[in-house]
Amino acid sequence: MMPIRRRGWEIKDNEATPETVFLNRRAFMSATGAAAAVGGLGTIGLGSALMTTRPARADDGVLPSLLPAKRNEAYVLDRSLTPQKDNENYNNFYEFGTSKYVARAAQELKSRPWTVKIDGLVAKPLELDFDDLVRKVALEERLYRHRCVEAWSMTIPWTGFPLAALVALANPTSGAKYVQFETGVQDGPGMGGFYPWPYTEGLTMAEANNELAFLAVGTYGKVMAKQNGAPIRLAVPWKYGFKSIKSISRISFVKDRPQTFWEQLQSSEYGFWANVNPAVSHPRWSQAQERVLGTGKEAPTLIYNGYGQYVADLYKDMKGEQLFM
Ligand code: MTE
């Protein structure tokens, strides 16, 4: 039997926090492997990689003038926020490489001009300029949990707007049953090989209109770092993190369930629904616990990542669906 290829996100980390990894240069080098050799990451400036604030970028557009946005107090957390430096230095963004340390490589992402194309089953296809879009919607801050399928978690202050507001703007026809998302990163240094690029994701219309589904444009009260998916990404906190696609440039309303990036790659492990459930193991590891990044501690994972009151009803009549992988 062919061995299963391991993705970078399955590389075992000995430590939860990037600081520890960064400070242990040997571990860092072995974790980043080839990317370090090619990208010169071995000579990384620790200071810049761990920076928590950065000067405004030329391609921040109008966003800094709209931030910080008011916090929506409806979404409360039972744990403290993940330090920003952890959130920005431990990422999955395969277009820029399979290691967690893609922050530097991701600075190549050109986030302006940025257009979000809306097409498929809509009254009228649209091309939305990102800066026009953020001026049109009401931005707010939400504190959400974020649970990766690899069994680590963070808690993040996102700034953005409900996906439902964009669905309303798109005006889909009654034939639209699903929403497909496509990333705008089409030529990242990590792209190639056997992956079914570009990165795509999907939701049902009901999921997209659920109040929790959020399009994020900022984190920690500022413009989002490129490695987190600037200028616009999804945050669907009741699902495993791979559903929260980064750097979205196309949103299509479709009749049939889209085949997503990870599903195409390995459908036995990464499905369309991917709702968080501690009782349903990944075929190769348990989902019962999670490493809470930045704390060095583990915590029990919660069904729907703690958001059952918002989303459990979406799935109550679904028989024969693999809702938790
Ligand atoms: N979106 C794109 N375009 N490319 C990716 O590789 N990785 C996903 C998701 N969105 C990914 C992506 C995975 S596996 C996770 S866990 C989250 O982004 C990670 O988001 P973060 O790096 O901001 O924590």
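The model is a predicted one. The protein contains nine helices and 12 strands. Of its 325 residues, 56% are buried. When contacts between residues at least 6 apart in sequence are considered, 74% of them join residues at least 24 apart.

With strand β3 (residues 140-147), β4 pairs in the antiparallel sense over eight bridges; here Glu141 has Thr159 of β4 as its bridge partner. The two strands form a hairpin with four residues between them, and in this hairpin Ala151 adopts a positive phi near 75°. With strand β7 (residues 214-219), the pairing is again antiparallel, over five bridges, and Phe161 stands opposite Leu215 of β7. With β11, by contrast, β4 runs parallel, and two bridges join them. In that pairing, Trp152 has Arg291 of β11 as its bridge partner.

Another strand, β10 (residues 248-254), contains Ile251. Is this residue buried or exposed? Ile251 has a relative accessible area of 1%, which is under the 20% limit, and therefore counts as buried. Not counting residues up to four places away in sequence, Ile251 touches Val116, Lys117, Ile118, Asp119, Leu166, Val179, Gln180 and Phe181. Val167 is 84 residues from Ile251 in sequence, yet their C-alpha atoms are 9.5 Å apart in space.

The aromatic residues form a further theme, with 24 aromatic pairs in the structure. One of these joins Tyr94 and Tyr195: the ring centres are 5.8 Å apart and the planes stand at 75°, so the pair is edge-to-face. Tyr94 belongs to the loop between α4 (84-87) and β1 (115-120), and Tyr195 to the loop between β5 (178-183) and β6 (200-204); the pair therefore ties together parts that are 101 residues apart in sequence. Tyr94 is buried, at a relative accessible area of 3%, and Tyr195 is buried as well, at 13%. Phe261 and Trp262 likewise form an edge-to-face pair, with 5.1 Å from centre to centre and 90° between the planes. Both of these residues, Phe261 and Trp262, are buried.

The charged end of Lys100 is placed over the ring of Tyr90, at 5.7 Å from its centre. Lys243 lies over the face of Phe272, and its distance from the ring centre is 4.3 Å.

Arg284 is located between α8 (261-265) and β11 (289-292). Its relative accessibility is 31%, so Arg284 counts as partly exposed. Which residue does the side chain of Arg284 contact through polar atoms? The partner is Glu269, whose side chain makes a polar contact of 2.5 Å with that of Arg284. These two residues are 15 residues apart along the chain, and 8.6 Å separates their C-alpha atoms.

Conventions:
Residues numbered from 1 in each chain as written. Predicted model: local features only at pLDDT ≥ 70, side-chain atom pairs only at ≥ 80, totals over all residues. Heavy atoms only, no water. Phe/Tyr/Trp six-rings, centres within 6.5 Å; stacked < 30°, edge-to-face > 60°. Buried < 20%, exposed > 50% of the residue type's maximum accessible area, 1.4 Å probe, protein only. Lys NZ or Arg CZ within 6 Å of the ring centre and 35° of its normal. Contact = heavy atoms within 4.5 Å. Polar contact = N/O pair within 3.5 Å; in protein donor to acceptor, adjacent residues only side chain to side chain. Pairing = 2+ DSSP bridges.
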